[in-house]
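Subject: Structure handover

Hello,

Here is the structure for you to look over. My notes on it follow below.

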Amino acid sequence: MPRYRVRIAGKHYDAMADLVRKHRLNIAGHTGKKAGRSRYIVDAFADSDQIEQLKSEGYSVDVREDVDEAGKKRQSEIRSLTTREPIRNVAAANHYLNVPDIENSLAVAATGSNAGFTRLIKLPNKTWEGRECHAIKIGQGSVTSRPGIYFLGGIHAREWGSPDILIHFVEQLCEAYRTQSGITLGGMDFTAVQIQKIVNEKDVYVFPQANPDGRHHSMTQAPNWRKNRRPAPAGSSNPDCVGVDLNRNYDFLWNYTVHFDPNAPVANSTDPCDHDVYIGPAPSSEPETKNVVWMFDNFPNIRYFIDIHSYSEDILYNWGDDQDQSQKPGMSFLNPAFDGKRGVAKDTRYQEYIASADKTAVVKLAKQMRAAILAVRGRKYAVTQSMSLYPTAGSSDDYAYSRHLADPSKPKIFSYTIEWGSADNETPFHPPYSEMKHIIQEITAALLEFCLRT
Ligand SMILES: [Zn+2]
């Protein structure tokens with residue numbers, strides 16, 4: 001049965017929570033947009049039966065595209081796997097880069113005249129399908145106190161543009177540094193002096209394509225695929241039984257069935273055959289997750305982290321498991337007394353602790369990124385806490401920021417998720433490439449601004 005992207009409007013928190021609790025819908029993004037005092041709007045995915053059911057219960061449902069049909073058409077906007085044309089840089093591209101293109105572009109960026117200030121990093125774990133992944137370190141000099149900034153992309157298979165954004169960022173930064181020039185992205189300018197400052201004073205780590213198996217599957221088979229490609233449990237023939245949602249697999253409140261209120265609208269699943277949000281058999285069970293974590297462990301100067309996703313034009317900061325509070329340090333993910341109480345918005349039984357100085361710092365940086373995005377072509381991203389309507393467990397940003405709290409010997413890492421692209425785009429996980437070009441510029445501007453301001 002075809003699945004559609006739908007825009008659902010409903011009244012009151014409970015009605016919106018029921019979309020997950022009762023209807024088991026996959027909601028796109030963590031946030032619901034407020035429309036009026038008590039009305040919310042979310043994007044989700046539903047088949048015809050589910051749409052009828054929702055309408056009969058009083059939700060207003062605006063049906064958008066058939067995600068597989070429209071996604072299949074969009075696959076023609078990916079650079080062919082068999083083309084003999086050499087890859088040009090992303091700034092000159094007119095197609096999404098395919099999976100080998102991303103690896104090739106990263107390798108090229110770390111060689112030749114860039115070799116003096118870049119290093120290609122081979123990740124230790126091969127994917128389930130045997131692919132090798134790489135990251136790049138950009139930084140000139142050896143001051144030991146220099147902070148590390150870590151950008152991650154490509155965790156969710158269908159969000160095609162994130163690796164392209166990060167390759168573009170790498171290409172622009174390396175070229176401008178090498179040639180001592182500035183960078184212009186739409187209406188946003190970075191001077192040559194600013195670019196020199198980034199590379200001379202910081203270590204920038206970029207891991208652009210963390211789930212190549214999933215991305216390849218989405219680009220060549222099922223466009224709406226989200227998970228990795230862990231083989232299905234023995235005996236299952238349903239294609240949905242393949243894969244783990246890598247952004248539910250990190251070691252942060254991973255076992256949500258214990259840590260969360262049974263009534264919380266947490267969009268996670270222990271069912272390997274869930275199409276989107278299976279959490280995996282154990283925390284950090286997946287080779288792709290292990291690679292992301294290895295970067296934190298192996299480069300202890302990392303102090304900042306951004307995970308690039310789509311869509312909804314949001315810059316999200318911690319926490320994702322419940323609403324923030326800065327009064328009660330003991331009310332935290334570390335305290336088992338609160339098991340069974342987490343994840344319900346608008347109650348005070350549980351809220352996650354964040355020191356107020358940390359919150360002030362992360363919001364300030366997020367607003368600086370928002371301003372850079374706005375300057376490119378006027379898009380207004382929202383700066384908001386990850387948890388608004390729907391809590392998450394086992395996600396990368398909460399894991400990264402929680403590391404120093406779970407183990408005080410580890411450094412504090414300020415963490416974000418950026419959800420690029422508007423819900424108004426058709427197939428917003430992989431918008432028309434002409435639109436993606438603008439988004440690539442916007443997010444590159446945000447990341448450069450972030451490097452300058454940290
Ligand atoms: Zn995502």
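Helices (H or I, at least four residues) and strands (E, at least two) are DSSP runs, numbered from the N terminus.

Two notes on provenance. This is a predicted model, in which local features need pLDDT of at least 70, side-chain atom pairs count only at pLDDT 80 or more, and totals for chains, interfaces and linings use all residues. Residues are numbered from 1 along each chain as its sequence is written.

Back to helix 5, residues 161-178. At 1.5 Å a residue its 18 residues should span 26 Å, and the end C-alpha atoms are 26 Å apart, which agrees. The expected span is 1.5 Å times one less than the number of residues. Just after helix 5, Gln180 has a positive phi of about 50 degrees.

Core

Which residues touch the most other members of the largest nonpolar core? They are Val170, Leu173 and Val206, in a core of 116 residues. Helix 12 (residues 433-453) gives this core its largest share, 11 residues. Domain 1 (4-70) and domain 2 (71-454) both contribute residues, so the core lies between them. A nonpolar core here is a set of buried Ala, Val, Leu, Ile, Met, Phe, Trp, Tyr and Cys residues joined through C-beta atoms within 7 Å.

Leu173 touches Ile138, Ile195, Ile198 and Val199, leaving out residues up to four places away in sequence. There is also a second, separate core of seven residues, with Trp319, Met331, Phe338 and Tyr353 among them.

Domains

The chain is divided into domain 1 (4-70) and domain 2 (71-454). These bounds come from an automatic or database domain assignment. The domain centres, taken over C-alpha atoms, are separated by 25 Å. In domain 1, 19 residues are in contact with 30 residues of domain 2. Contact means C-beta atoms, placed from the backbone, within 7 Å.

On the side of domain 1 that touches domain 2, helix 1, strand 2 (26-27), strand 4 (39-47) and helix 3 (67-74) each supply at least two residues. Helix 1 supplies the largest share, five residues. That side divides into nine nonpolar, five polar and five charged residues. Ala, Val, Leu, Ile, Met, Phe, Trp, Tyr, Cys and Pro count as nonpolar; Asp, Glu, Lys and Arg count as charged; the others, Gly among them, count as polar.

Helix 7

Helix 7 (residues 212-220) is mostly covered, with eight of its nine residues buried. Those buried residues are Pro212, Asp213, Gly214, Arg215, His216, His217, Ser218 and Met219. Helix 4 (99-109) is included in what covers them.

Backbone points to check

Most residues other than glycine have a negative phi, and most peptide bonds are trans. Please look at these places:

- Ser310 to Tyr311 is a cis peptide bond, with omega near 0 degrees. Tyr311 lies in the loop between strand 12 (302-310) and strand 13 (314-317).
- Asn318 and Trp319 are also joined by a cis peptide bond, with omega about 0 degrees. Trp319 is in the loop between strand 13 and strand 14 (324-325).
- His12 has a positive phi, near 70 degrees. His12 is in helix 1 (residues 12-21). With 11 C-beta neighbours inside 10 Å, His12 counts as exposed.
- Lys346 has a positive phi, near 65 degrees. Lys346 is in the loop between strand 14 and strand 15 (352-353). Lys346 is exposed, with 9 other C-beta atoms within 10 Å.

Gly320 is found in the loop between strand 13 and strand 14. Is Gly320 buried or exposed? Gly320 is buried, with 29 other C-beta atoms within 10 Å. Its C-alpha atom is separated by 5.5 Å from that of Pro391, 71 residues apart along the chain.

Whole chain

The chain has 12 helices and 17 strands. Its C-alpha trace spans about 60 × 50 × 45 Å along the principal axes. Buried residues make up 52% of the 454 residues. Among contacts between residues at least 6 apart in sequence, 75% join residues at least 24 apart.

Best regards

Notes
A residue is buried if 20 or more other C-beta atoms lie within 10 Å of its own, exposed if 12 or fewer, and partly exposed in between; C-beta atoms are placed from the backbone. Two residues are in contact if their C-beta atoms, placed from the backbone, lie within 7 Å.
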